Amino acid sequence: MITVNALGKACPLPVIEAKHALAEAANGNTIHVLVDNEIAVQNLTKMAKQKNCAVCDGRTEDGNYYVDIVKGEQTIEAADDPVSCMPMSNDKTVVVLSADVMGSGNDELGHALMKGFVFALTQLDHAPDTVLLYNGGAKLSSEVPETIADLKKLEEAGTEILTCGTCLNFYGLTEKLAVGSVTNMYVICETMENAGKVIRP
């Protein structure tokens with residue numbers, strides 16, 4: 001068993017360190033990763049599943065968390081994959097929502113404009129491939145009913161909705177995420193890097 005102590009380490013370090021340990025491990029080895037928050041558990045579990053590894057998680061005696069990842073013969077090894085996502089082709093459209101307001105000057109107007117923008121996305125002939133939400137944008141997928149409804153329509157149309165886990169944690173919204181899934185900053189960076197077009201309202 002290989003132990004990775006990622007206690008107290010911010011996203012995306014737990015995933016990165018686990019990935020490095022996995023790359024060095026022999027088939028059948030278990031990577032035992034210690035973390036201190038549920039967001040890290042979700043990100044580690046997602047990475048392990050995308051690499052076709054067996055994975056389980058639980059709580060330690062002192063109240064922290066662990067994730068056990070078992071490397072097998074079918075484990076996907078991609079040296080140029082920084083975390084766990086398959087590279088996106090350069091014709092992908094990514095929408096980045098980094099705030100719950102659009103523009104600056106008046107927040108009431110900004111909130112209304114942002115709601116209108118997300119609704120407008122649902123009316124496009126071609127839905128965006130991915131919507132990334134971070135910082136104040138995390139509120140749009142967790143506590144703004146109208147925007148949540150529109151994001152769900154986009155998801156039904158095939159759009160991937162990804163919200164920063166660290167941001168949800170910061171705003172106390174982890175349990176309120178209503179659409180899409182939790183992601184980490186490395187995946188956000190990779191998604192933007194490999195996009196053909198990035199739209200920022």
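How do the residues of the lining of the largest pocket divide into nonpolar, polar and charged? Seven of them are nonpolar, six are polar and one is charged, where Ala, Val, Leu, Ile, Met, Phe, Trp, Tyr, Cys and Pro count as nonpolar, Asp, Glu, Lys and Arg as charged, and the others, Gly among them, as polar. The model is predicted, so local features need pLDDT of at least 70 and side-chain atom pairs count only at pLDDT 80 or more, while totals for chains, interfaces and linings use all residues. Residues are numbered from 1 along each chain as its sequence is written, and side-chain values use heavy atoms, with hydrogens and water left out.

**View 1. The largest pocket and its lining.** The largest pocket has a volume of about 170 Å³; a pocket is an open set of points on a 1 Å grid over the protein atoms alone, where a 1.4 Å probe fits, with protein on both sides within 12 Å along at least five of seven lines, and lining residues have an atom within 4 Å of a point. Of the 14 lining residues, Ala-10, Cys-11, Asn-37, Ile-39 and Thr-166 are the closest to the centre of the pocket. Two or more lining residues come from each of α1 (13-24), α2 (38-50) and α5 (165-170), helices being DSSP runs of H or I with at least four residues and strands runs of E with at least two, numbered from the N terminus.

View 2. At the N-terminal end, Asn-37 caps α2 through a side-chain oxygen that lies 3.2 Å from the backbone nitrogen of Ile-39. Ile-39, Ala-40, Val-41, Asn-43, Leu-44, Thr-45, Met-47 and Ala-48 are buried in α2, where buried means under 20% relative accessible area, exposed over 50%, and partly exposed in between, with a 1.4 Å probe and protein chains only. These buried residues pack against α1, β2 (30-35), β3 (54-59), β4 (65-70), α5 and β8 (181-183). Asn-52 lies in the loop between α2 and β3, has a positive phi near 60° although it is a residue other than glycine, and is partly exposed at 47% relative accessibility.

View 3. From its first C-alpha to its last, the twelve-residue α1 reaches 17 Å, close to the 16 Å expected at 1.5 Å a residue. Its buried residues are Pro-14, Val-15, Ile-16, Ala-18, Lys-19, Ala-21 and Leu-22, and what covers them includes β1 (2-5), β2, α2, β4 and α6. Val-4, placed in strand β1, is buried with a relative accessible area of 8%. Leaving aside neighbours within four places in sequence, Val-4 is in contact (heavy atoms within 4.5 Å) with Glu-17, Ala-18, Ala-21, Ile-31, His-32, Val-33 and Leu-34.

**View 4. Thr-191 in helix α6.** Thr-191 has its place in α6 (residues 185-193) and is buried, with a relative accessible area of 5%. The side chain of Thr-191 reaches the backbone oxygen of Val-187 at 2.7 Å. The C-alpha atoms of Thr-191 and Thr-93 are separated by 9.8 Å, although these residues are 98 residues apart along the chain.

Terms used: Points joined across faces, edges and corners; volume = space filled by probe spheres on them. Polar contact = N/O pair within 3.5 Å; in protein donor to acceptor, adjacent residues only side chain to side chain. Expected span 1.5 Å × (residues − 1).
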